[in-house]
Amino acid sequence: MINGIQLKFTFSTLVADNLAAHQIGGYRTSFSSGNFCRRCHVSFDNHRLPSSVSTIQWRTALDHDRCLNQIQSDPLQRPVLGITGPSVLETLIGFHPTTALPADCMHDFFEGSCPHVIMLLLKEASAARLITYGKQLKLFSFFKNSLFYLQHEFKNASKILILVFLIAVIGHHQFSLNI
Amino acid sequence: MNNDRVPGSAAQKLLFFRLFPIIFPDIIELLPSACVYLILREILQMVLSYPFRKSWIPHLHDLCNDLQQAMIAHFPSKITPKIHFITEYSKIIEDYGPCRRYWCMRYEGRHAYFKQVAIRSNNYKNVAQSLATRYQLKQCIISTKSKLYNSEQRVVGVKKLKEFQITDRAKDIFKGYFGLYYIENKIFECKLLWSNHVEYHQSCIYVVGLDEIDERPYFAQVIRIVHAQKGWLLLMDRLKTVSYSDLLCAWKIETNEDLFLIEPQQLKYYHKGLDIYHVNGFSYVSLISKLTDWVTNTSKD
């Protein structure tokens, strides 16, 4: 009741990073073995296979409840298909671990795979002798510092500044290539 | 950099990811495994776009498949659960809608303030109370300034526009727009303008429209922000979108000295201010999300 008006609401989704979502949903909190995904039945052994994307078996509420029953009848057998037990928020109306925990794109992309891919590429470039690791390290710290500087001092850095900054970066880069 | 980690906040990582091909153009050009980056970039462009089109979902699904295949081809030993989570995004968007509507970015941004206060206040007895008090005081300051609810225009760095600073073309446009007023009075300019919660910055690039057929964005650069008679006006330079560079993941632009004056209210908001990057003598504008129109969106789906 707010100001005499009765509001009705229900919890539909809860966004969290992967570890927290798994804790809340009652899934296993290790991502390096077994069924590590809270949306599908992929297992760690075959998530590297090319067919694992096209033939994803999604988790459904029915399967989930069946697994929970199995855990209740035989608690020593858990985790069953990556489920360790009932969710903490099980009693909330409208909350079900299979549907209420969507992925968070900030943690999956910006904190997860984007830096991962960039590191892989930089290492490969370093192995292919396009750029040396020491220079790369220097360049990176230089970039990080200037990035920090740019973000905090000039929220919308003018074109000239960016230009000077890029010339500095590219010049440094060219220099490292010649050696 | 050490221990396979990129330091910095999420926004900094996103910026580094966006500028990666511009900083290292030769890595993208020479390395065969750079296609992993390009596929991931395309997925990210779709995932971050808001509004999102239903018709993109099959394409997104194919891209996710491609990413898995490319990772297997180039880095077979480096496939982690992170990559697996990415490959499910087509289904997630189909079920829950555009990802930007429920991401943790805003929560983490707000939470960062509390983390900083908790660390710096050296309080070991009642952290919750000091956090609550500090936050209440901060809220008081913000609401007395009432920046949040004030949709009026605010400006920074106002000064008189001197005669010699105006190019001939700009003069013609001013004369055409203001008429006699321009000859008799001085014109003021500013560096930064907030109008209806959108920030307009001098010399930044803004998206002013989309092509109806292929959704190619049209850009315009704010040359000056001027004030005469009624309100603040933007003097913009319409830029020509030449092509999209697949390797740099950026739009190549050219100026054709096509100046025009416009009220900020008449501009439709697509994206915040962008910067120009110069690579190999050409100018590029880099966008992280795919842009699409609301109106055509509803009519097509």
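Chain A contains six helices and zero strands, where helices (H or I, at least four residues) and strands (E, at least two) are DSSP runs numbered from the N terminus. Along the sequence, the pattern of chain A reads α-α-α-α-α-α. The model is predicted, and local features need pLDDT of at least 70, side-chain atom pairs count only at pLDDT 80 or more, and totals for chains, interfaces and linings use all residues. Residues are numbered from 1 along each chain as its sequence is written, and side-chain values use heavy atoms, without hydrogens and water.

Of the 179 residues in chain A, 42% are buried (under 20% relative accessible area, with exposed being over 50% and partly exposed in between; 1.4 Å probe, protein chains only). Ile5(A) lies in the segment before α1 (18-25) of chain A. Ile5(A) counts as exposed because its relative accessibility is 51%.

Two packed helices are described by the angle between their axes and the distance between the axes. Axes are lines fitted to C-alpha atoms, for helices over the stretch in contact, and angles run from 0 to 180 degrees between N-to-C directions. The axes of helix α4 (residues 105-127) of chain A and helix α1 (residues 10-23) of chain B come within 10 Å and cross at roughly 45°. α4(A) and α1(B) are therefore oblique to each other (angles under 35 degrees count as roughly parallel, over 145 as roughly antiparallel, 65 to 115 as roughly perpendicular and the rest as oblique). With helix α3 (residues 34-47) of chain B, α4(A) packs at an angle of about 165°, the axes being 10 Å apart. α4(A) is therefore roughly antiparallel to α3(B).

Methods:
Chains lettered and ligands numbered in written order.
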